Amino acid sequence: MYQSIQHILEGVPSRYRGPGGAIAVVQDGELVGEHVWGYADMQKLVAMTPSTLMPICSITKQMVCMVLKDLERNPTPEMVARGNVSRQFAHGLDQMLHPDLTRDTGLTLEHLCNNQSGIRDYWAMSVLWGAHPDGEFRLEEDAKKALDRTKSLHFESGMQYSYCNLNFYTVARLIENVSGRALGDLLAERLFVPAEMKTARLCPDNANLPPPCVGYEGTESFGFIPAVNRMQWSGDAGVVASLKDMIAYEQHLLAAWDDEQSIYRAVAQKPSFKDGNVARYAYGLKHGTVDGVATIGHGGALRGFRLHRLQAPSEKLAVVVMLNHQADAEEVAQHVMKSIFTISKGQAPRPNLVNPSLDWVGAFYDPDAQLAAEVGHGRQGHLTVSYAGYDETLGCPEDKKAQSNTMIATLDGDTLRLHRLVDNRLILARRIATGQQPAQDHYAGEYYCAEVESTFSCTGEGGMLYGNFEGYLGQGPPHLMRYLGEDIWILSCPRGLDAPAPGNWTVVFQRDDHGHVSSVTIGCWLARKVVFSKK
């Protein structure tokens, strides 16, 4: 069995090609497979090792949530002296957020931890504030300004799920404010030391990551170049760790799973939405399945790095993937786990799929979120749906039905019905009438959103428009815009401060009673319905 697992791991580098990586499998608390390959620094010919530190990025979120839970159970002396701990956190949250976010919204700390807050993601919003992909973003100054400019929700708290890094930046600052302790110290004392993660630490500044590991952008055909990251973060990300650290972490969590009273079990419970539906994300942990086996995991991404940890508690099995390039680490983790299940349980039966008709292909518009969805053909028997900023692959058991573990799609004439299971949303999107030519000279101009203090400039003519944003982070680069139809455009954003970038933004122009363009609504899955008025 162990030899077979090692063989699976040794096949990963050639399947997911790039500068280097590290991967491990832990089962029943024991390290049963480990493989490290390639280079931590290609220019200096420094080899990757199990001790090489990498930024684990959003995997930090679950660690911050465990510190939060530990403080609730074991408050600092300062917290004890002040009395009711829950009230301290609730009051502290009210003090941090803009009054409009807490007034009559029902927003709670738990909503932030479960990505159910309805707050727009600040890394997506940084595009509207004029950020350049290689620009600076400072923790003290710029993050605080982002929070000050967050004055409304893009959906009702507790009703939906949408990924939001600003949630966890806020949780981390709240922890520091209430406890009177620095986040890095709390992580070390309450998690890294007990878990024997000997070199893990908080490193908020991505411009000063510990050497020697370098993250790389690019592909084998294009070439790999060192990624430039000048952003700071703490709470939504920021921990650096080695493969040795992450092996110790998985062993710690697998042991904690056996204790029903442990903090890990507390944060790993599935929550619910307000309507009673079970959610699939809680306290920095994503709940899913691999070949029908329940899993808990989370990924991490920074330009030049991709990471993922995946645990199947019922099997006492965990997989850790750490790459210093941009291959899909979650796919790697799932591939390894599926391969191990095949060894122990045999090949899972493959579903019978049919080739979808051409009727699926096209662009659709979700009027509720004011976002576009584009549907195309994938590999045989599959469709791709682009809605949340990336292509999602769905298999087609029937001609007019497609599904994955996270979404069910049906097509009824010109109506696309998307049941996004993770988001807790049922979307009815209508087909956009395509084949038209965009109106000449109607869209160009400047638009302003007072709420977020951002200016949108639209330039160009005909079917070749450009959009760029100006805000407190500067004047951002121009983004290419692509016409869909009916005054609906796509603004492409493949590179941003965070990785992955927001992707495609939907740009919907509105007209007044005289047919003149008067405003535009701009949004993506991470940050919806930001309205700009024409100057």
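Modeller: Gladly! Let's start with S457, which counts as buried at 15% relative accessibility. Please keep in mind that this is a predicted model.

Colleague: What makes S126 buried?

Modeller: The reasoning uses the cut-off again: buried is under 20%. S126 has a relative accessibility of 1%, so S126 counts as buried. You can find S126 in helix 8, residues 122-128. Apart from neighbours within four places in sequence, S126 is in contact with A131, L473 and L497.

Colleague: Why is D359 called partly exposed?

Modeller: Partly exposed lies between the two limits, under 20% for buried and over 50% for exposed. D359 has a relative accessible area of 44%, and therefore D359 is partly exposed. Look for D359 in the loop between helix 14 (329-345) and strand 16 (362-366).

Colleague: How far apart are D359 and L411 in sequence and in space?

Modeller: In sequence they are 52 residues apart, while their C-alpha atoms are 8.3 Å apart in space. L411 is also among the contacts of D359, together with K400 and R431, once neighbours within four places in sequence are set aside.

Colleague: How do you know that strand 17 and strand 18 pair?

Modeller: Pairing needs at least two bridges between the strands. Strand 17 (residues 371-377) and strand 18 (residues 382-386) are joined by four bridges, and they run antiparallel. One example to look for is V375, whose bridge partner in strand 18 is V385.

Colleague: What do strands 16-17-18-19-20-21-22-23 make together?

Modeller: These eight strands form a closed barrel with antiparallel pairing. From one strand to the next, the twist averages 30°.

Colleague: What makes Y39 partly exposed, and where is it found?

Modeller: Y39 has a relative accessible area of 36%, so Y39 is partly exposed. Strand 2, residues 30-41, is where Y39 is found.

Colleague: Which residues make the nonpolar surface patch of about 290 Å²?

Modeller: That patch is made by Y39, M42 and L45. A residue in a patch needs over 30% relative accessible area, and Y39 has 36%.

Conventions
Residues are numbered from 1 along each chain as its sequence is written. This is a predicted model: local features need pLDDT of at least 70, side-chain atom pairs count only at pLDDT 80 or more; totals for chains, interfaces and linings use all residues. Side-chain values use heavy atoms; hydrogens and water are left out. Helices (H or I, at least four residues) and strands (E, at least two) are DSSP runs, numbered from the N terminus. Buried means under 20% relative accessible area, exposed over 50%, partly exposed in between (1.4 Å probe, protein chains only). Contact means heavy atoms within 4.5 Å. Axes are lines fitted to C-alpha atoms, for helices over the stretch in contact, and angles run from 0 to 180 degrees between N-to-C directions. Patches are made of residues with over 30% relative accessible area and no salt bridge: like charges are joined within 9 Å, nonpolar side chains (Val, Leu, Ile, Met, Phe, Trp, Tyr) within 5 Å. Accessible areas come from the Shrake-Rupley method with a 1.4 Å probe; for residues, only the protein chains shown count as cover. A salt bridge is a side-chain nitrogen of Lys or Arg within 4 Å of a carboxyl oxygen of Asp or Glu.
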